[in-house]
Every structure is written in C-alpha cells, then in structure tokens.
Amino acid sequence: MRGPGLLSCFFAALFLTVHAEDTEESEDFVRRERGHIDSTLKLTEEKPIDDYPAALQRLRKIYHSAIKPMELSYKYNELRQHEITDGEITSKPMVLFLGPWSVGKSTMINYLLGLDESPYQLYTGAEPTTSEFTVLMHGPKVKTIEGIVMAADSGRSFSPLEKFGQNFLEKLIGIEFPHKLLERVTFVDTPGIIENRKQQERGYPFNDVCQWFIDRADLIFVVFDPTKLDVGLELEMLFRQLKGRESQIRIILNKADSLATQELMRVYGALFWSLAPLINVTEPPRVYVSSFWPEDYHPETHRELFLKEEISLLEDLNQVIENRLENKIAFIRQHAIRVRIHALLVDRYLQTYKEKMTFFSDGELVFKDIVDDPDKFFIFKSILAKTNVSKFDLPNKEAYKDFFGVNPITSFKLLSQQCSYMGGCLIEKIERAISNELPDLLGSIGLGKKPGALNCDATGCGEAPKNRYKKH
Ligand SMILES: Nc1nc2c(ncn2[C@@H]2O[C@H](COP(=O)(O)OP(=O)(O)OP(=O)(O)O)[C@@H](O)[C@H]2O)c(=O)[nH]1
Ligand SMILES: [Mg+2]
C-alpha cells in the first residue's frame, strides 16, 4: 500500500503520528489480537462485496422519474436544502465519529482499520489534534483528495459541501486507499468539540457542517472519555442536532481501560445522568463501554466485558453494512414522503389563495392573511386529514413564511394541473413510488430476487426498516 515517493512524503507530513518517543513506547506495549475484527466484519472473505448495481440503478431511476420532478416543481430544496445527488444514492454507508476533543476518535478509526504503524494513520495526541473533517474511503491507490476537489466532483456524495464555503473546504480532506473494510463503509473523522470555542473562530459554520454529516450518516458514534464528562453548551448543541437520528446514534464510553471497575460504574452512571436531559427519546441509546486502541487491556480491568462490548459494536457496524441497500431505499422513501407532503401543502396554500381571491382583492394582502395564520384556513389540518401523515412529520409553519417570501405563490401550479398525457400526474407518480415501487424494491432485495419481482402486499414491506441495534 506504499505510495510513490512524493505522495509518501505528503502522507508522512500529514498523518505521521508516531513521534520518536512514541515509537519507543510502542515497542513495549502488547498488541491486541485482531482476529475478532476480521471475523465479525467478514473481512477475510475472498468474495468481493456485492454492490447491488441493478437495484441501485433501479433506485436512481425511481428517484429521477418520480421524486425529482416533484422536488423541482415545488422547489423543495429551498425549504429543506436537502438535494439528493446521484453520488449520494450510490455511496457506501457512512460512519461518523463525533465527540469532545481527545476522547480517542482518531485512535479508534486507526484501530478499526488497523492503520497503526502504517504511514497514513490519523494523527492522534493528548491535545486537540484533528482539525479537518477527514473522509476515509476505499480506492485502488493511496491518494489524498483536497476538499475543493471533493466538492467539485459531482459523482461523489460530498459535492453539496461546497455551499459551506472555501474556508471549510480547506478543512475537508479525503484519503483513499485499498482496504477491505473501506470497500464496505466510509469513515468520517471530525475535529473534537472544544467547549468555550466560538463558532467564528473556526472560520466556517462548524455546526451546519456537522448537521450535514449527521443527516447523511448511517451510524453515528458519539465518543466520550470517562475522565472528562462535563457537558457544556457545544455538546448540548450537538445533541440538539442529533434529534431525529436517534436510531443511528451509538454512545461510546471509550478508554474504559484507564479506570478500575468500580470507578467505571460510577462514571457510567454519571454519563447517563448528564446525557439524559439531552436525549429526548423513550428508548435509551445503546452505550458501548470499552477501549478502542491497539494496546492490550490493563491487567486489573474487566477485559472480558470490554471484548464483548467491542464485538457487539462490530456486529452493529456489520449490520449497517449488510442492510446498506435497505437503509438507502428507506432513506429515499422517507425523502419522497417529505417531498409529497410539501407539494400537498403548497397545493393547499394555492387552492385557498384562489378561493379567496376575487376580482377586486389585492393578491398580496390575501396571501399574507393565509400565510400568517394557516390554521384559520385549515391548511395543515386538511393535509393531516387527507393523508395518513403523522403531525410530527409536518414541516414548520414558520418555514413556509420564509419559503413563500422568496417563491411567490403565483409561481406555482396546482397539483391537478401537473399531469401530462404521456407521463401521467406528478402526484400519482410519487405516490406510486412511495407505496409500491420502493417497497417492491425493498422486498426484492430481502428475498434475494430480482428487483421488481415482488409487490408489497406479499412482503408487508411498507414500513421503513429501522436501522436498529441488536440488543445483547
Ligand atoms: N488509555 C487509553 N487511551 C486512549 C485510548 N484511545 C485513545 N487514547 C489516547 O487518547 C489520546 C487522544 O486520542 P485521539 O485519537 O487523538 O483523540 P481524538 O478524539 O481524535 O481527539 P481530537 O482529534 O483532538 O478531537 C491519545 O493520546 C490516545 O493515545 C484508549 O482506549 N485507552
Ligand atoms: Mg482526532
């Protein structure tokens, strides 16, 4: 895996983590067995991982023919700013590492990928070290990709990051190299959260960037260090951003080998105590207590427990890899549901506007009346009554004030006018995708059959699959 001379120097400069004294130390410590990582994640299997190209192609087709036209017609991107690129449809599952500084995020990535002692291991250290969002991807050769290049390549799922500005792109870096695990997932290392640091000191919107990654990650590891559990404003902000992604979150109490068992139990309790007010779900998140680094566990600590916890986490990761296509389809279906609700709402606003307009009325005043108090005209209620949408899935009423401020109501067409002789109606197409085509595709993968071979009545696949952890 060694790159050409110049490239190796570049890597050495960027990621060389082993300082002279560390090298001496590393010769002393006993390395851990890694067999369980390879076997749980099936990294020893010769068979290349199936990328389901036919199913992904079908998914792309459904998105472009049934969902995208509706998005464009009703300017959905201006409401939620979530466009889906082709790169995002075909991308590998993304595993995101978040948490305070120096809790061992980069060390954990090095450990899982077995990068210690390789020239391109991530930089680690007791002080805040990672300053870039680092994306580790599979590629045939060792290569670093600058943020501006990643953002310019529309085939990659990272191209929408361009909107966070040039300062951010300088803090984004991609590393490609051949690796069995990276053939299956993409890892994203992030700069640790430092309490009391102001957003502007970073020179780019750190929280918005985190939100972008959070919205797309298939698994989010929020890592903590038992020796510093203080929850401050930055961490509170992070948990606010994680709302709605609870089933992707795994909390890791890392470096558990640095404490005696009794102390560890106390810290575990304290961690839950401080996090409870921040996580607003009935089901508590899964917490893994272990130490994710290559050194052997300290003799006086609970090595069997730590190893079991590590294996559970690896199984969890493996489940995400195995369910990647199901998760992707569920993600596109959820997106389609949101786009449909948005289109129905705009249509309802427009219908109400047309009903209230008379020959003598002032269009702007009539619409202001509607947009200021949509409840008076039963706009949101009528959508709830007509469709089986949960009221928690409805967008914010305030967001529509801004939306219509930029996009005048008269620039839209009624849904009933969005039909063509050849293509049918937009609303029918998106509804067919949500209730038949996407569930069909989901069912066909589950049974290992050809996409399109089944329909949902037979499989009962109408429910979006949840990326739930296994309980052990
Ligand atoms: N005892 C112990 N120390 C660990 C473990 N994992 C990491 N460390 C040490 O913790 C320190 C910080 O590790 P990093 O991987 O740099 O932490 P980080 O979360 O990436 O930090 P930032 O990049 O600054 O956010 C390093 O000195 C590691 O050697 C562990 O499992 N046990
Ligand atoms: Mg780091």
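A polar contact is taken here as a pair of N or O atoms within 3.5 Å; within protein, one must be able to donate a hydrogen and the other to accept it, and residues adjacent in sequence count only if both atoms are side-chain atoms. By this criterion, an oxygen atom of ligand 1 lies 2.8 Å from an N or O atom in the side chain of S106. The model is a predicted one, in which local features need pLDDT of at least 70, side-chain atom pairs count only at pLDDT 80 or more, and totals for chains, interfaces and linings use all residues. Residues are numbered from 1 along each chain as its sequence is written, chains are lettered from A and ligands numbered from 1 in the order in which they are written, and side-chain values use heavy atoms, with hydrogens and water left out.

A backbone N or O atom of G125 is 3.0 Å from an oxygen atom of the ligand. The side chain of D257 places an N or O atom 3.1 Å from a nitrogen atom of ligand 1. In total, 21 residues surround this ligand, counted as near if one of their heavy atoms lies within 4 Å of it. The closest are S102, K105, T107, T129 and T130.

S106 belongs to helix α7 (residues 105–113), whereas T130 sits in the loop between α7 and β2 (133–138), 24 residues apart. Both S106 and T130 are buried, that is, under 20% relative accessible area, with exposed over 50% and partly exposed in between (1.4 Å probe, protein chains only).

The protein comprises 20 helices and 10 strands. These are DSSP runs numbered from the N terminus: helices are H or I of at least four residues, strands E of at least two. Eight strands form an open, mixed sheet in the order β3-β4-β2-β5-β1-β6-β7-β8. Its edge strands are β3 and β8 (286–289), each pairing on one side only. Two strands pair if DSSP finds at least two bridges between them.

Strand β4 (residues 172–177) is largely enclosed by the rest of the structure, because 6 of its 6 residues are buried. L172, G174 and E176 point one way from β4, and I173, I175 and F177 the other way. β4 pairs with β2 in the parallel sense over 6 bridges; T134 has I173 as its bridge partner. With strand β3 (residues 143–146), β4 runs antiparallel over 4 bridges. There, K143 stands opposite E176. β2 also pairs with strand β5 (residues 186–189), antiparallel over 3 bridges, and L136 stands opposite F187.

Helix α7 packs on the sheet, touching β1 (94–98), β2, β5, β6 (219–224) and β7 (249–253). Its direction makes about 155 degrees with that of β5. Axes are lines fitted to C-alpha atoms, for helices over the stretch in contact, and angles run from 0 to 180 degrees between N-to-C directions. Helix α13 (residues 261–275) lies across β6, β7 and β8, at about 145 degrees to β7.

F158 lies in the loop between α8 (147–152) and α9 (166–169). At 4% relative accessibility, F158 counts as buried. Contacts (heavy atoms within 4.5 Å) of F158 beyond four places in sequence include M94, V135 and W212.
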